[in-house]
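Dear colleague,

Please find below the structure that I am handing over to you. My notes on the ligand site and on several individual residues follow it.

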Amino acid sequence: MRSPRRPELWGVVNVTPDSFSDGGLFVSPDTATSHALKMVEQGASVIDVGGESTRPGASRVSPEEESARVIPVVTALAKAGVVVSIDTTRASTAAAAVDAGARIINDVSGGLADSEMFAVVAACDAEYVLMHWRGHSDQMDSLATYDDVVGEVSAELHARVSAATEAGIDTSRIIVDPGLGFAKTPAHNWTLLSHLSELAPEGLRMIVGASRKRFLGELLTGNHEPAERDGASAALGVLLAEAGVFALRVHNVGAHREALDVWQAFHEEGAS
Ligand code: PMM
């Protein structure tokens, strides 16, 4: 039995007071940095650092506040040799983070929130996560309307990838993301998850951020604390590995590493 390659694990650090899962836990740069280093020990190959909550309904922070939150953490991690991804929709924050050593720009808006973003990405050699997005957190729930969620998300992702390449970003640097929970209901998320291979232009890598999200909590009756969704997140991680995704964006790296160890052993025994 041939298995797809093992997905990378990208550990999440939100340097915010209000993110849905880890908001308020890592607001000091030292706490955020030591949590990130622990995730690297547990098997994360990338640390994704964010300074603005994207949970539904969240309001925006100023560019200055966002940079003040993330740049010290990006700098400390890059100095420690960690591959850092900056989770931002702002071109100025992305550029400052790349200057501080970030090697990946994770833009949940796919270049839609800031007209300068593609130019910043094109001008550096960072990789670019291009996510499906329809609008900011304060309006995204009302934008979760589709006649054909697979067809529309696919068309919108293809259009953004074309716009990015026209702006000078080579497709080899782009990693697409279906954007679970961003202008999507739980039912939309499940439909997209079962049609991942239809969403992205041929040959592009895909990252999926399902970890601890609300649609998993809704499945687990009576179990609605984000940190209590790690078993469900890791189970889905195995299915995503099977589907051939390139990377999983996760909060509990250890739980996902163990789940992927099981997945890998299962396939290696199958091959022998
Ligand atoms: N989800 C969140 C934030 N950033 N980035 C990518 N590429 N994909 C996602 O699904 C994604 C993201 C929201 O979750 P968080 O509050 O735990 O960071």
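A residue is taken as near a molecule if one of its heavy atoms lies within 4 Å of it. The model is predicted, so local features need pLDDT of at least 70 and side-chain atom pairs count only at pLDDT 80 or more, while totals for chains, interfaces and linings use all residues. Residues are numbered from 1 along each chain as its sequence is written, and side-chain values use heavy atoms, with hydrogens and water left out.

Ligand site

The ligand is surrounded by 16 residues, of which Asn106, Asp177, Lys213, Arg249 and His251 are the closest.

- Asn106 places a polar side-chain atom 2.8 Å from a nitrogen atom of the ligand.
- Asp177 has a polar side-chain atom 2.7 Å from a nitrogen atom of the ligand.
- Lys213 has a side-chain N or O atom 2.6 Å from an oxygen atom of the ligand.

On its own the ligand has 410 Å² of accessible area (Shrake-Rupley method, 1.4 Å probe), and the protein covers 98% of that area. Strands (DSSP runs of E, at least two residues; helices are runs of H or I, at least four) also take part: β1 and β5 (127-131) each supply at least two residues of the shell around the ligand.

Two buried threonines

Thr16 is found in the loop between β1 (8-14) and α1 (29-42). Its relative accessible area is 0%, so Thr16 is buried (under 20%, with a 1.4 Å probe and protein chains only; exposed is over 50%, partly exposed in between). Leaving aside neighbours within four places in sequence, Thr16 is in contact (heavy atoms within 4.5 Å) with Gly23, Gly24, Val27, Gly50, Gly51, Glu52, Ser53 and Arg69.

Thr93 belongs to helix α3 (residues 91-99) and counts as buried because its relative accessibility is 0%. With neighbours within four places in sequence again set aside, its contacts are Pro63, Glu66, Ser67, Val70, Ile86 and Thr88.

Backbone angles

Most residues other than glycine have a negative phi. Ala183, not a glycine, has a positive phi of about 55°. Ala183 lies in the loop between β6 (174-177) and α6 (186-193) and, at 0% relative accessibility, is buried. Arg212 also has a positive phi, near 60°. Arg212 is located in the loop between β7 (205-208) and α7 (214-219), and its relative accessibility of 12% makes it buried.

With kind regards

Conventions: Polar contact = N/O pair within 3.5 Å; in protein donor to acceptor, adjacent residues only side chain to side chain.
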